[in-house]
Amino acid sequence: MNPFKNTFVCVTLIVIQLFCLLFINTHGLIRDYYTLTNPDVTDVKALKIGHAIESSPIFKTYANYTGTDAGYGFYSPNVGSEFVMSFAVVDCDGKLLGEHQAPISLQQKESKVRFNLCTFPMMERIMLDEPNEIYDKYFEVMMHQIAKNINDSYETGSKVISEIYIHQPAQIQETLDGKTERLALLERYTFRF
């Protein structure tokens, strides 16, 4: 007997999945609202109930297995963890020679994918509660190597200014004014060669 031929079983599974989607997205929206508007408020009944449901082993396992634990940010066109890197090459006189978002030598698709993976250490660094000297040094070395690669393609390049941005969604009033998002500067490095 195939259990999926039974209409009751199918409807029950669909209702469970829809409940999970609705609950996770609503709870995430409420949590984000309170976090942004008043981060000091932690005694909100809706947040406590949502956290209790979200923490239950059965719900957590199901949501993780089906992928519904991603929250509403999963549907966003510019997820907040996407970084934009900018490298400006400058000569001895301060004249801008070129701007790049990736090393020039990346020709193969696999190389470009590996380069995009270098943003993961930045995300790890942001997620840390306290500054971590090892992450800072590692990331600075990585940025130095990328800047050197870009600088080597210019004969008169003497300095590379590396900037790292993150997508920042527009506020409600900005959205009403027609602005969709902006880039927020996270880090700036200047390397001299």
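Buried means under 20% relative accessible area, exposed means over 50%, and partly exposed is anything in between, using a 1.4 Å probe and protein chains only. Glu 163, at 14% relative accessibility, is therefore a buried residue.

The model in these views is predicted, so local features need pLDDT of at least 70 and side-chain atom pairs count only at pLDDT 80 or more, while totals for chains, interfaces and linings use all residues. Residues are numbered from 1 along each chain as its sequence is written, and side-chain values use heavy atoms, with hydrogens and water left out.

View 1. Helices (H or I, at least four residues) and strands (E, at least two) are DSSP runs, numbered from the N terminus. Two strands count as paired if DSSP finds at least two bridges between them. Here β1 (residues 83-91) runs antiparallel to β3 (residues 157-169), with 9 bridges. Look for Val 84, which sits opposite Tyr 165 in β3. On to β4 (residues 181-192): β3 pairs with this strand too, again in the antiparallel sense, over 11 bridges.

**View 2. Met 85 sits in strand β1.** You'll find Met 85 within residues 83-91, the stretch that makes up β1. With a relative accessible area of 5%, Met 85 is buried. Now pick out Ile 166: in sequence it is 81 residues from Met 85, yet their C-alpha atoms are 8.8 Å apart in space.

**View 3. Ser 162 is a buried residue of strand β3.** This serine belongs to β3, and its relative accessibility is 0%, so it counts as buried. Across in β4, Tyr 189 stands opposite Ser 162. Contact here means heavy atoms within 4.5 Å. Setting aside residues up to four places away in sequence, Ser 162 touches several others, including Ser 86, Phe 87, Met 143, Ala 147 and Glu 187.

**View 4. The largest nonpolar core has 18 residues.** A nonpolar core is a set of buried Ala, Val, Leu, Ile, Met, Phe, Trp, Tyr and Cys residues joined through side-chain atoms within 4.5 Å. Inside the largest one, the residues with the most contacts are Phe 87, Met 143, Ile 146 and Ile 164. At least two core residues come from each of β1, α6 (133-151), β3 and β4, and α6 gives the largest share, 6 residues. Zoom in on Phe 87: beyond its neighbours within four places in sequence, its contacts include Gly 98, His 100, Phe 115, Met 143, Ile 146 and Ser 162. There's also a second, separate core of 5 residues, with Cys 20, Phe 23, Phe 59 and Ala 63 among them.

**View 5. Glu 163 and Arg 188 form a salt bridge.** A salt bridge is a side-chain nitrogen of Lys or Arg within 4 Å of a carboxyl oxygen of Asp or Glu, and the whole structure has 3 of them. In this one, the closest N and O atoms are 2.6 Å apart. Glu 163 is in β3 and Arg 188 in β4, so the pair ties together parts 25 residues apart in sequence.

**View 6. Glu 133 and Lys 137 meet in a salt bridge.** Their side chains come together with an N to O distance of 3.1 Å. The two residues are 4 apart in helix α6, which means about one helical turn separates them. Glu 133 is exposed, at 54% relative accessibility.

View 7. Lys 148 is partly exposed at 34% relative accessibility, while Asp 152 is exposed at 52%.
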